[in-house]
Amino acid sequence: MRTVGGARRGLTIWLVQRAGAVVMAAYLPLFALYAWLAGSADYAGWRGLFEPLAAKVTTLLFFAALLSHAWIGMREIVIDYVHCPRCLGLRLALHFSFAVLYLACLVWTADILWTLA
Amino acid sequence: MPEPRPYYLNLIQIRLPIGGWVSIFHRVSGAALSLAVPLVLYVWMLSLRSPEDYAAVTGFLSGWFGFLVLLGVVWATLHHLLAGLRHLGFDIGWGEGRERARLTAWGVLFAALGLTGLFGLGCLL
């Protein structure tokens, strides 16, 4: 019988979380600078920030990094706090639920970006 | 007489070192941001959908409640980002000594609060 618990995939997941962290740490200040240089705070200016293809692609990549990072982070929290004699199933169910939620959020992000002009 | 050692983890009596506080705030801010993702996406979607929805979002964020929520999200993001950079330093072996680790912990705590304050002032002015 196979076991699904344990820490076999820990190092890969750790590395994915770091990669996502670096992507976000690069995107956030660069986007803040980009928005600041663009300079207009009205609706047209705000919408215009996300209309160039490069902005859409980098913003979608940012959200992919954020959502994978959040998924791994919630896994850590579930592993730390959800404990009982037969809780492995519950932990897996929570982990799966967050996967579904965050995949849905990624598709939603793509929809938000690509329904702009 | 030596002080009696604690026999259990009483959260009121435990004194965390500053790195412990930064660590727990890192976890709390990360969990809060993770759970807030759908809400943030919803508000972002509204803000881009039409001029009327954009006005509704900016109106909400300028009210006292919306402004507090905004400051909370900004603080959580800044604290998580800065504490995360500190951890990336640990990953490559930078800043693991006690003195430097304490210094960077204080730095993260105050920089996140200070930048949140500056952001809030920038919004009000």
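Predicted model: local features only at pLDDT ≥ 70, side-chain atom pairs only at ≥ 80, totals over all residues.
1. Helix 3 of chain A. This helix covers residues 53-81. Its 29 residues should span 42 Å at 1.5 Å a residue, and because its end C-alpha atoms are 42 Å apart, the two values agree. Its buried residues are A:Phe63, A:Ala65, A:Leu66, A:Leu67, A:His69, A:Ala70, A:Trp71, A:Gly73 and A:Met74. They pack against helix 1 and helix 4 of chain A, together with helix 1 of chain B.

2. Helix 4 of chain A. Residues 88-114 form this helix of 27 residues. From first C-alpha to last it reaches 39 Å, close to the 39 Å expected at 1.5 Å a residue. A:Phe98, A:Tyr102, A:Thr109 and A:Ile112 are buried in helix 4 of chain A. The buried residues of this helix pack against helix 3 of chain A together with helix 1 of chain B. Helix 3 against helix 4 in chain A. What angle do these two helices make, and how far apart are their axes? The helices pack at an angle of about 165°, with their axes 10 Å apart. That makes helix 3 of chain A roughly antiparallel to helix 4 of chain A, and their crossing is right-handed. Among the residues that meet are A:Phe63, A:Leu67, A:Ala70, A:Trp71 and A:Met74 from helix 3 of chain A, and A:Phe98, A:Tyr102 and A:Thr109 from helix 4 of chain A. By class, this contact has 18 nonpolar, three polar and three charged residues.

3. Helix 1 against helix 3 in chain B. Helix 1 (residues 18-49) and helix 3 (residues 64-91) of chain B pack at an angle of about 125°, and their axes are 9 Å apart. These two helices are therefore oblique to each other. Helix 1 of chain B passes helix 3 of chain B in a left-handed crossing. From helix 1 of chain B, residues including B:Phe25, B:Ser29, B:Leu33 and B:Ala36 meet residues of helix 3 of chain B, including B:Val73, B:Ala76, B:Thr77 and B:His80. The contact has eight nonpolar, six polar and no charged residues.

4. Helix 2 against helix 3 in chain B. The axes of helix 2 (residues 51-62) and helix 3 of chain B come within 4 Å and cross at roughly 85°. That makes helix 2 of chain B roughly perpendicular to helix 3 of chain B. B:Phe60, B:Leu61 and B:Ser62 of helix 2 make the contact with B:Gly66, B:Phe67 and B:Leu70 of helix 3. Four of these residues are nonpolar, two are polar and none is charged.

5. Helix 4 of chain B. This helix runs over residues 98-124 and has 27 residues. Its first and last C-alpha atoms span 39 Å, close to the 39 Å expected at 1.5 Å a residue. The residues B:Thr104, B:Ala105, B:Val108, B:Ala112 and B:Thr116 are buried in helix 4 of chain B. The buried residues of this helix pack against helix 1 and helix 3 of chain B.

6. B:Leu33. Is this residue buried or exposed? B:Leu33, found in helix 1 of chain B, is buried because 20 other C-beta atoms lie within 10 Å. Leaving aside residues up to four places away in sequence, B:Leu33 touches B:Ala76, B:Thr77 and B:His80. B:Ala55 lies 22 residues from B:Leu33 along the chain, and their C-alpha atoms are separated by 24 Å.

7. B:Val74. This residue is found in helix 3 of chain B. B:Val74 has 17 C-beta neighbours inside 10 Å, so it counts as partly exposed. Not counting residues up to four places away in sequence, B:Val74 touches B:Thr116 and B:Phe119. B:Thr116 is one of the buried residues of helix 4 of chain B. B:Val74 and B:Leu33 are 41 residues apart in sequence, and 9.9 Å apart in space from C-alpha to C-alpha.

Key. Residues numbered from 1 in each chain as written. Chains lettered and ligands numbered in written order. Axes fitted to C-alpha atoms, helices over the stretch in contact; angles between N-to-C directions. Parallel < 35°, antiparallel > 145°, perpendicular 65-115°, else oblique. Left-handed = near helix turned anticlockwise from the far one by under 90°. Contact = placed C-beta atoms within 7 Å. Nonpolar A, V, L, I, M, F, W, Y, C, P; charged D, E, K, R; others polar. Expected span 1.5 Å × (residues − 1). Buried ≥ 20, exposed ≤ 12 C-beta atoms within 10 Å, placed from the backbone.
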